[in-house]
Amino acid sequence: MFLKGRVCIYKPNPVNHGTIDILEHKILKPLVDLGYVAFVKGGARVGSTLVQDEHIDEIVITGSALTLDKIQWGATLQEQTENKQANTPIIQTPICSELGAVNSWVIVPGSQWNRKNVDKHASALAFAKLANNGHICASPQVVVLPKDWVYRDEFIDRLRFWLAQHPGSAPFYPGSDKSHAYFQGQENAEIIEGTSPDNFPNQQRPILIRNVSIDNQDLLSREAWCPVLMELPIEYERSEEDPMGYLEYAVRRVETKSYGSLGL
């Protein structure tokens, strides 16, 4: 609307229907009154009707790759496979998609590090992970750092500390309990107990998994969508003396081995 000067129809995930009232009647009310933006509620049937409407000039979505495949290639897996092989999408409308992924948080070594800013950055990472219980497409999931980094263990210790301090958030997304249970069952999975009792029913305590291999595709291809962080140590000689070389190498490794776009 603001970037391209277009009117918009906004349909949230049914889980977020509660946000419509404040958006429609308060935050964006002047634009609603002028007819620049409209809000609708509904599930998959409403969404399907919208994306197939001939009056729609562009589709902008957030969500999972599964949602995008259904919109672009078909409702069933067989239909999607056939249309992908034939390069025959079911709609021709341009699509801009921001999809969830296994996002990386890359730590670059160097002389700038000390115990104070190790603690500061560990705190920032813990907050970024636990915001909205990890129900955010851009939520970090993989902590990438040099295997021989002098502050490696201290950073993880401080990260563990700050994860324990967080009071937690309500786990409101359907299916996040199954994802949380999957990661809890992984080797080296550590449940971070809080410093106070849980504040929400079925609260999902943070999970920290250390020493994940760059070749572990089971973990590096699975979006958590809940409070999970995995440590991915990168082997690179002289990372302290050559931090930019390490960064370039780490980015290449993560971009080819981890699912989705790289988050720095």
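This is a predicted model: local features need pLDDT of at least 70, side-chain atom pairs count only at pLDDT 80 or more; totals for chains, interfaces and linings use all residues.
Two strands count as paired if DSSP finds at least two bridges between them. Strands β8 and β9 pass that test, as three bridges join them, and they run parallel.

- Pro146 has Ile234 of β9 standing opposite.

**The nonpolar cores**

- In soluble globular proteins, nonpolar side chains tend to be buried together.
- The largest nonpolar core here has 23 residues, and Val144, Phe183 and Met230 touch the most other members.
- Two or more residues of this core come from each of β6 (140-146), β8 (207-209), α9 (217-220), β9 (228-234) and α10 (243-257).
- Helix α10 gives the largest share of this core, five residues.
- Leaving out residues up to four places away in sequence, Met230 touches Val102, Gln141, Val142, Val143, Phe183, Ile209, Val212, Leu219 and Leu220.
- Another core, of 19 residues, lies apart from the largest one and has Ile107, Leu125, Ala126 and Leu229 among its members.

- Val7, Leu34 and Tyr36 make a nonpolar surface patch of about 330 Å².
- Val7 is in the segment before β1 (8-10).
- With a relative accessible area of 58%, Val7 is exposed, because exposed means over 50%.

- Leu68 lies in helix α4, which spans residues 65-73, and counts as buried at 14% relative accessibility.
- Not counting residues up to four places away in sequence, Leu68 touches Ile61, Trp73, Ile95, Ser97 and Leu99.
- Leu68 and Trp105 are 37 residues apart along the chain, and their C-alpha atoms are separated by 25 Å.
- Ser176 is found in helix α8, residues 176-184, and is buried too, at 3% relative accessibility.
- Setting aside neighbours within four places in sequence, Ser176 is in contact with His135, Pro171, Gln204, Trp225 and Cys226.

**Two loop residues with positive phi**

- Most residues other than glycine have a negative phi.
- Asn188 has a phi near 70 degrees, a positive value, and is found in the loop between α8 and β7 (189-191).
- Asn188 counts as partly exposed, at 46% relative accessibility.
- Asn211 has a positive phi as well, near 55 degrees, and is placed in the loop between β8 and α9.
- Asn211 is partly exposed, with a relative accessible area of 47%.

**Salt bridges**

- The structure holds 14 salt bridges.
- One of them joins the side chains of Glu58 and Lys4, at 2.9 Å from N to O.
- Glu58 is in the loop between α3 (44-51) and β3 (59-63) and Lys4 in the segment before β1, so this pair ties together parts that are 54 residues apart in sequence.
- Glu58 is partly exposed at 24% relative accessible area, while Lys4 is exposed at 51%.
- Lys84 and Asp69 also meet through their side chains in a salt bridge, at 3.2 Å from N to O.
- Lys84 belongs to helix α5 (residues 77-86) and Asp69 to helix α4, so the pair links parts 15 residues apart in sequence.
- Lys84 counts as partly exposed at 41% relative accessibility, whereas Asp69 counts as buried at 15%.
- A further salt bridge brings together the side chains of Asp215 and Lys257, at 3.1 Å from N to O.
- Asp215 lies in the loop between β8 and α9 and Lys257 in helix α10, so the pair ties together parts that are 42 residues apart in sequence.
- Asp215 is exposed, with a relative accessible area of 51%, and Lys257 is partly exposed at 26%.
- Arg152, Asp153, Arg210 and Glu231 form one network, joined by salt bridges that share partners.

Key:
Residues are numbered from 1 along each chain as its sequence is written. Side-chain values use heavy atoms; hydrogens and water are left out. A nonpolar core is a set of buried Ala, Val, Leu, Ile, Met, Phe, Trp, Tyr and Cys residues joined through side-chain atoms within 4.5 Å. Buried means under 20% relative accessible area, exposed over 50%, partly exposed in between (1.4 Å probe, protein chains only). Helices (H or I, at least four residues) and strands (E, at least two) are DSSP runs, numbered from the N terminus. Contact means heavy atoms within 4.5 Å. Patches are made of residues with over 30% relative accessible area and no salt bridge: like charges are joined within 9 Å, nonpolar side chains (Val, Leu, Ile, Met, Phe, Trp, Tyr) within 5 Å. Accessible areas come from the Shrake-Rupley method with a 1.4 Å probe; for residues, only the protein chains shown count as cover. A salt bridge is a side-chain nitrogen of Lys or Arg within 4 Å of a carboxyl oxygen of Asp or Glu.
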